[in-house]
Amino acid sequence: MQKKFIQAAALLGALSVILGAFGAHALKEMISEKSLAIFETGVRYQFYHAVALMLTGMLYKEFTNKYLLWAGRLYGIGMLLFCGSLYFLAIVDLAAHPGLKAIGAVTPFGGLCFIAGWLLLAVGAAKTLKQ
């Protein structure tokens with residue numbers, strides 16, 4: 001599993017750079033400043049958690065336990081829900097599609113996944129140190 005975490009982290013990190021460049025150069029001409037700020041938040045959190053996933057993969061290689069496994073999984077789920085919903089909200093014209101604003105309700109669940117991932121990383125590290 002550590003290899004999958006590390007590979008996913010590398011790809012998600014690269015995607016963060018691509019999306020960041022897209023936002024800074026192409027997207028900023030197409031959406032409002034508010035929407036661009038939402039998009040940039042998604043990029044920033046995706047990058048942070050790609051690094052966290054990389055760290056989790058490295059730790060999991062040495063200290064295999066269910067807490068680290070779930071920390072990595074939750075980072076992935078969090079990136080999908082949190083960052084994905086922010087990208088969607090930033091790009092979709094909510095004025096033309098007001099019903100799509102409900103997608104924003106998904107964002108906090110992604111945030112909860114991030115928080116749970118960090119807490120499980122702490123528990124997994126603590127359990128590992130006791131062994």
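Start with burial. Color the protein chain by relative accessible area: of its 131 residues, 36% count as buried. Keep in mind that this is a predicted model.

**Whole chain**

Zoom out and switch to cartoon. The protein chain has 4 helices and 0 strands. Step through the elements from the N terminus and the order reads α-α-α-α. Take the contacts with a separation of 6 or more: residues 24 or more positions apart account for 77% of them.

**Helix 2 against helix 3**

Select residues 33–62, which form helix 2, together with helix 3. Their axes come within 9 Å. The crossing angle is roughly 165°. Angles over 145 degrees count as roughly antiparallel, so helix 2 and helix 3 are roughly antiparallel to each other. Then color the contact residues by class. What does the contact of helix 2 with helix 3 have by class? There are 20 nonpolar residues, 7 polar ones and no charged ones.

**Helix 1 against helix 3**

The pass of helix 1 over helix 3 is a left-handed crossing. From helix 1, pick Phe5, Leu12 and Leu19. From helix 3, pick Leu68, Leu69, Gly72, Arg73, Met79 and Tyr87. Together these residues make the contact. By class, this contact of helix 1 with helix 3 has 7 nonpolar, 1 polar and 1 charged residues.

**The cysteines**

Finish with the sulfur atoms. How many disulfides does a search of the whole structure find? The count is 0. Select Cys83: this residue is in no disulfide, and the nearest cysteine sulfur, that of Cys113, is 11 Å away. A disulfide needs the two sulfur atoms within 2.5 Å. Move on to Cys113. Cys113 is likewise in no disulfide, and its nearest cysteine sulfur is that of Cys83, 11 Å away. Is Cys113 buried or exposed? Cys113 is buried, at a relative accessible area of 13%.

Technical notes. Residues numbered from 1 in each chain as written. Predicted model: local features only at pLDDT ≥ 70, side-chain atom pairs only at ≥ 80, totals over all residues. Heavy atoms only, no water. Left-handed = near helix turned anticlockwise from the far one by under 90°. Helix = DSSP H or I, 4+ residues; strand = E, 2+ residues; numbered from the N terminus. Contact = heavy atoms within 4.5 Å. Nonpolar A, V, L, I, M, F, W, Y, C, P; charged D, E, K, R; others polar. Buried < 20%, exposed > 50% of the residue type's maximum accessible area, 1.4 Å probe, protein only. Axes fitted to C-alpha atoms, helices over the stretch in contact; angles between N-to-C directions. Parallel < 35°, antiparallel > 145°, perpendicular 65-115°, else oblique.
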